[in-house]
Amino acid sequence: MAETVIETDKANLELMSGKSMLHILKDVTFKVNAGEVTAVVGPSGSGKTSLLMILGGLERATTGKVVVAGQDISTANEDQLAIFRRKSLGILFQNFHLIPSMTALENVALALEIAEVGMSFKQIRERAAAALAEVGLGDRVTHLPSALSGGEQQRVGLARAMVTGPKLMLADEPTGNLDQDTGAMVIDLMFNLARKRGAAVLLITHDRSLAAKADRTLTMNHGQLTEAAKVAIPA
Amino acid sequence: MNRLGNWMRVAMVDLRGDLRRFGILLACLALGVGTIAGVSSVGAALKTAILHNANTLLGGDLQIARADRRATPNELKYFQSLGQVSETITSNSRGDAVDDSGNTAFLDIYAVDGNYPLYGNVVSPQLKPGEKPTDLLALKDGVYGAIVDPVMLDRLAIDIGGHFKVNGTEFEVRGLLGSLPNGALRGFHLGLTAVMSIEGEQANPNTRPPLPGLLTQYGYKIKLNPDLGDYTEAQPIVQAHLASDPEWKVQSPYDAAGTLSRFYDLFVRFLLIVGLSSLLVGGVGISNAVSAYIGERQRSIATLRSLGATGARIMVHFFTQVGVMSLVGIGLGLVIGAVLTIIALPILGRILAVDLPPSIEWPSLATALAFGVLAAFAFSYIPLFRAQKLKPAMLFRTVGTSVQSIKTREYLDVRVLAPLLISGLAIFGLAWWTTSDLTLVSYYAVGVIGAFLLLSFAGRLMQWVLRALPPMPNVTLRNAFRGISRPGSPAPVVIMSLGLGLAMLLVIVILSANLRDQLLGQVTNDAPTFVATELFDDEIVDLDAFLKSTGFLQDFQHSPMIRAAITKVNGVPSNEILARKDLSGEAVYMLGGTGGTPEILMTWTSDLPANSTVTAGKWWAPDYTGEPLISMRDKDAQSIGIKVGDKIELTLFGEQLEVTVGNLRDFQFQNGINFLVTASPGTFDAWPGTNLATIKASKGHEKDLERGLARKYPDITFLPVGEALNQAADILGQLSTAVNIVGGLAVVNGLLVLAGTMAAGRKQREADAVVNKVLGSTRTDVVKVFAVEYALLGAFAALLATAVGMVGAYGIIKGAKMDVGFAVNPGLVVGVMIGAIVLTIVTGAATTWSALSTKPAQYLRSLG
């Protein structure tokens, strides 16, 4: 039986907005297994990104339980969360968020350096170069982000997210800033890499055609998560 | 260590491409550290030079001197038993042209014997290096030689080889004086220096100093025999030998150099404090620059956090970056300081007549380095602390460029408070160690902390008040108010940086203005051109008529005068009182303790002298005929411990007279002629009095009048007071220039900070301008809003700076017990206000010009 990577139990998130309290996530309960690719769809403001944040330990659930990669992150402190992220998590952002002063290679190597994987500097660079080659950027290692196209930047982001071998890959609208073809290519690449490595993927998207490529799709509506029926994609 | 090394290596990689963001930080640190390094190095070099060359500066290993006479043959024999002796006589006299032109110059006579100088060289184009001046000064063809200040040639309209007369003795100019080896220790001297032989100076011994206090000094410089050891061993022996005659003063090189060194020490200490202020003003720039940098790197910080970096790693990452850039700035400052020192020392050496070869003062550079490191740490710590608290969740939300500030209660967190306290205390300790003046540094620390708190609080108060005000009917004003009070507005930082810079400027300008105006400025305007003493009544009548006939006279005044000594106070001999160490300089002079004759000038009058106020007792009635009363200057009486009703014994013409202190007065000499002791009418009737005359020449005719007086009254010395004051004003001017240059650097640092702050707010300005333009505002509308906003900020900062500057200057004047009043020229304050407003608008315009010219479409597309 596949290992459970995400397990939430009645997770709630409440945030203050001015003087009023907003109930962002309401009793979210779901599981994702290793190697499973899950898409979360829903309208803007429904709570998709907030879900991603509590799963990544970037925001703390107000109540309920959140266990990721076997660790209960709803009670962890900041430093424990940092260690959790470096060991178990890879995140792909809509805006790529590469460090502008670092080359593609250095951006990918940074994840390994922070993860403190016990490798020498040379080994780190070799592994980062291999990760870039895997996403088709073997010839762009010395380029700064400003010299790369959007698709290339997102592939560097993908290499950075995957290079530490995370158990869970969180992707927040990763194709939001890319054209359709490039977006599709990045998604395929991500799914293939995740499946190859047995990592779970949680993809936040508006794009139902991308969601259709996932193993399962969840719908977020007014902070509540429901299993969505498979939608037929018109050819 | 390996882990820390890796963290730091990654930080260095990440620093790539960000160097230009540190421009303001580099400039602020370089300027502040450079100023401290330069000032401290020059001070240290000066001190070392003075102490190392003390023998040369004194002119011997020991100097034995007195003011009333030359040594007797027996005394001279004793001096010669100690080693090689060089005799010098210092006095003042008038030098006149030998023709009937009436050209004259007041001279500082330096008469020397054949052994002079024992150490060092007299510098003159007419002397070979190392050559003694004996030959040039010798009697040749019945005329003595002289080496003179080149200015004297112009005054007397003669050339080298020309002749002039001093006290009836004729001299030939045989050399032009560059410098005397002991010039620096001679300090301020009245008149143009003329070096001559003792034989020449003594050719007419019947001369008298024109005013008490202008002393003749008979000095014997001694190059000690080797068997006597150095001065530390010889000085007590000589002092013991001469103990029976207290008029002999024995001075070692250390005594003499120590006085000079202490004077420069005090001056350098003051400059160091100004330099430290420059660094602290720059500290605001450091803090702003690091804050702006962290603000711009928020997304990178969040990315690092999302990749699993801990708060500690974030701290090390950015601490490394800021640390490296700070070290670069500090390094630049040290280079600037060292280069400036190398350039300044020889120039300063020429001015001060001290041999100051270019040198690098490593301990001073180390001090500046320590100040730089501590200031960089203290001012960048809070923004760095904020960086580590940044949450990665912001990567998923829209944020501006400003970093969330630390809440007030978070300052109480030991992780914030402890490093700040430690670095603050370290700066305090270092300043104390460097200046060796705990009081000065304590007052300074209180002032600086007070200024920081006041400016910080005032900026926020201004925002709060503007927010609380009802909306202005005028749209420009409304938008300008909003610009200042909106969250993230640079207003508090602008007020802090501009306020600190201006406050510093004001402290320096107010101090300079008070010192110059109150000590010299008014005097040089109102003081007489000449003073003459001991004029008989018929001479006064004659002089009055002559002066009126010249057409060069602006004012002529005279008062009766008599020379008398205060010999007892309430039965206690003045000599005993003079043994006290707590007497003020003026009190010592009044009791005749400055050497030479103990007599001072006194006067009598029935009317209260102009510009003086009775502070104790009552002024005598105009027809008073009772027991002799005197009026004294209150601060001198206070120093000695004299009260109204006390009995004073005066000695004049060998007789004693007991007088009673009738009242005490407060007056400033610069406000008019005032005598230290003024007696009631009839007090001195039993003795022959003379007159003191003051003459003020009409502007531009001082020399004409001087020539006329010299021709008409060849036997009367008219002391050129105006010229002396101008000389003193020049010296003070040179010191002020040094202070102004160093203070100017502090102001430049304030401007850098201001420019940095404005530049940091550029993006927000662009956004504001675009929104306004999209909504239909013209460029003029936008400019008007910015101008009003900047003008308000500038005016408010100037107002606060004026308050801080005035309190600071007042504190220094009172704290340092400077004998000057405190006045602030309203024109100066208005000037600073207008300057600050213009400066803020210009700096604002220069740094946000792009915002004014940004086209909405271009900006909006760039956001896309």
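Biologist: Is the crossing in which α2(B) passes α12(B) left-handed or right-handed?
Modeller: This is a predicted model, where local features need pLDDT of at least 70, side-chain atom pairs need 80 or more, and totals for chains, interfaces and linings use all residues. Residues are numbered from 1 along each chain as written, with chains lettered from A and ligands numbered from 1 in written order. A crossing is left-handed if the near helix is turned anticlockwise from the far one by less than a right angle, right-handed if clockwise. For α2(B) passing α12(B), the crossing is right-handed.

Biologist: How many Å apart are the axes of α2 and α12 of chain B?
Modeller: Axes are lines fitted to C-alpha atoms, for helices over the stretch in contact, and angles run from 0 to 180 degrees between N-to-C directions. Helix α2 (residues 23–52) and helix α12 (residues 311–352) of chain B pack at about 35 degrees. Their axes lie apart by 6 Å.

Biologist: How many helices and strands does chain B have?
Modeller: Both are DSSP runs numbered from the N terminus: helices are H or I, at least four residues, and strands are E, at least two. For chain B the count is 28 helices and 19 strands.

Biologist: How many residues does chain A bring to its contact with chain B?
Modeller: Two residues are in contact if their C-beta atoms, placed from the backbone, lie within 7 Å. Chain B gives 22 residues, and chain A gives 23.

Biologist: Which element supplies the largest share of the side of chain B that touches chain A?
Modeller: α1 (2–15) and α11 (298–306) of chain B each supply at least two residues. The largest share, six residues, comes from α11(B).
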